[in-house]
Amino acid sequence: MQIQQRSSGNVTILDLNGNLTIGRSEESFRETVRELLAAERKLLLVNLAEVPMVDSSGIGALIKAFTSVRDAEGKLKLLRPSRLARQLLTITGLLSILETYEDESAAVASF
Amino acid sequence: MQKPAQLKVTNRFGVEKRLPLGKPVFTIGRKAENDLQLLSDSVSRQHAEIAYQDETYYLIDRGSKRGSYVNDQRVERCQLQHLDQIRIGGDDHHQIQFLDETVEQAAAIFRTNSSPRLSQSQWADRARAASANEELQKLARFVEVNQAFKFSLTPDDVLCLIVDAAIEMTQAERGFLMLRNEHGDLEFKVARDRDRNWLVGNDFAMSHTVVEESFKQNRSVIINDSREHALLAARQSVRSLDLRSIACIPLRRFQMSEHMDATTVLKRDVIGVLYVDSHVISGTISQTSLRLLESLAFEATKSLESVRLMHEEQEKKQLEVELNMAREVQVALSPVFRQPAHFEVAAQSIPSRYVGGDFYDLMPLAAGGTAFALGDVSGKGIAAALLAAMAQGALQAQFAGGLGLTEVINSLNRVLVQRSAADRFITLFCAVLDPDGRFAYINAGHNLPILVRTDGRTELLTTKSVLLGAFDFAKYQERETRLAPGDIVVIYTDGVTEAVNAAGEMFGDDRLVSLVAASASLSADEIKGRVLGEVVAFTSGLPQGDDITLIVLKMS
């Protein structure tokens, strides 16, 4: 999985590309979030548009990222989850906790 | 102690050696620590001992499997007499005879007096015979050691055996065996002298020049008089040690390629060195000895490798035993449930490994209702199973304490957030069915259970609550519905709906819903069997990817 970073104002947008599943992809996502927090980048928008699959490890990574950003008094939100990702986020009840947007500018404005 | 008695040990090549019984307890067995090591499967590791008590020798069996024999009589403890024949277990490769020196000396005087004088040529013959016997002894020892490698030895046993044999074959005073560690450096594994004593402290001093040359250049080094060796003569280590004879053989691991025939060596890898040395020149190391030593090193390396594999195999077996026990414990945690009058229930959990992260429970409540729980811990295997067991226990304790469903789940979430590893969580469906048909439930991030009404309508049971153990601020609130006679609820984990067939398709929610809807006339147990059967048929022999758990509830 590839992770591209870009900024929109104070918000860092992470464009994920590839499956967020157990192993390397989930680990590199965790690592990226750790680095951003260490660099005081605490407003994160995770773009899931190009993430076809998320498994339970990927869910774990999202939860961990959300709680560590929250503990650092930042915010983590999701952008455009794919159909399968949205399904899993719905079942696991995470959509009620992780703010999720379909429109990027609306998402950035919400921080 | 008077002059000690001896054991005369003759191997099947007719080569004999004599071992003095110069200590209070002389041990015999398969392990290298024994004073007499007999390498045979029918010899126990610590088989027998010869004890010297009150000026008398006794053979004492140490609870061996195959017994100890004196003159073909099986004995537990037996006083030994001059010329007694000893047999250890079923070992027929060695003849062991007990010789009491004091008695033998008397006999020898008699023999010497009666034997004729030897001529010059007869003495020469004797010397040649002795030298031939020596070579034969080396060869015999080599064959013996090679055979010993086939027995079930620990890696340490093998290493000792190699060093002892190398010392014996070269007549050296000391032997060392070093193996490469994970950093690529040589590490001492065995350091022994010719009496099989372990060397300590300063005794470890040796020629590092020779060892390094052998190890780095992957070749045998043999030096019969270190004073004549230009390089070594200059070396402080060798001079101060006053070493004369040194032999050092690299231990190589040969890896065969499967695609080539067995003689094609793909890669040679030096895993260590075998080193022997002496202070005296008398025991010069011949080319024959060197070749034998090299063969020994080759066989030893092969043997080490197979012993290592065998131990890995044993460890795997041990782990398997433990996992089987864990599985039994987990199965025992599954509820034994008396079917109540107002509904029937069938449940089953099939872990994809020995133990799983799925769990389910059915608990009769003091208030008259029944609690159902089906959970799925993220991850698989033992870690998941431990958390599953903890969650199940917490649920039981809280329901037994009389808490209502909403309180139980909120409290379980708090416990899990506090107690469980940061990124483990649980999806859980938990419900309470009252005798009057009231069905209260909370779905904490779990796959949506299927409710099939008698008129064929289906509902999916959700409370849109987040999974457990992730957020301390999460709130859980029960919902309720009413179940009428004939209504069916199927609670399951994603192992059912995400089962994948050979074409990579998932079993899927829709297939499960229509399957359950079409099975409405069946009993709970039959529905369970049908769903599991369909999943197995769907995946047709592919390995099960995830734990599969199912509870089927049908109102009577």
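Which residues have the most contacts inside the largest nonpolar core? The views below are of a predicted model, in which local features need pLDDT of at least 70 and side-chain atom pairs count only at pLDDT 80 or more, while totals for chains, interfaces and linings use all residues. Residues are numbered from 1 along each chain as its sequence is written, and chains are lettered from A and ligands numbered from 1 in the order in which they are written.

**View 1. Nonpolar cores of chain B.** Phe372(B), Cys430(B) and Ile551(B) have the most contacts inside the largest core, which has 95 residues. A nonpolar core is a set of buried Ala, Val, Leu, Ile, Met, Phe, Trp, Tyr and Cys residues joined through C-beta atoms within 7 Å; buried means that 20 or more other C-beta atoms lie within 10 Å of the residue's own, with C-beta atoms placed from the backbone, exposed means 12 or fewer, and partly exposed is in between. A separate second core, of 40 residues, includes Leu186(B) and Ala297(B).

**View 2. Strand 11 of chain B.** Strands (E, at least two residues) and helices (H or I, at least four) are DSSP runs, numbered from the N terminus. Strand 1 (residues 6-11) pairs with strand 11 in the antiparallel sense over six bridges; pairing requires at least two DSSP bridges. Val9(B) stands opposite Ile96(B).

**View 3. Contact between chains A and B.** Ten residues of chain A are in contact with 15 residues of chain B, contact being C-beta atoms, placed from the backbone, within 7 Å. Helix 2 (residues 56-71) of chain A supplies the largest share of its side, four residues.

Note on methods: Contact = placed C-beta atoms within 7 Å.
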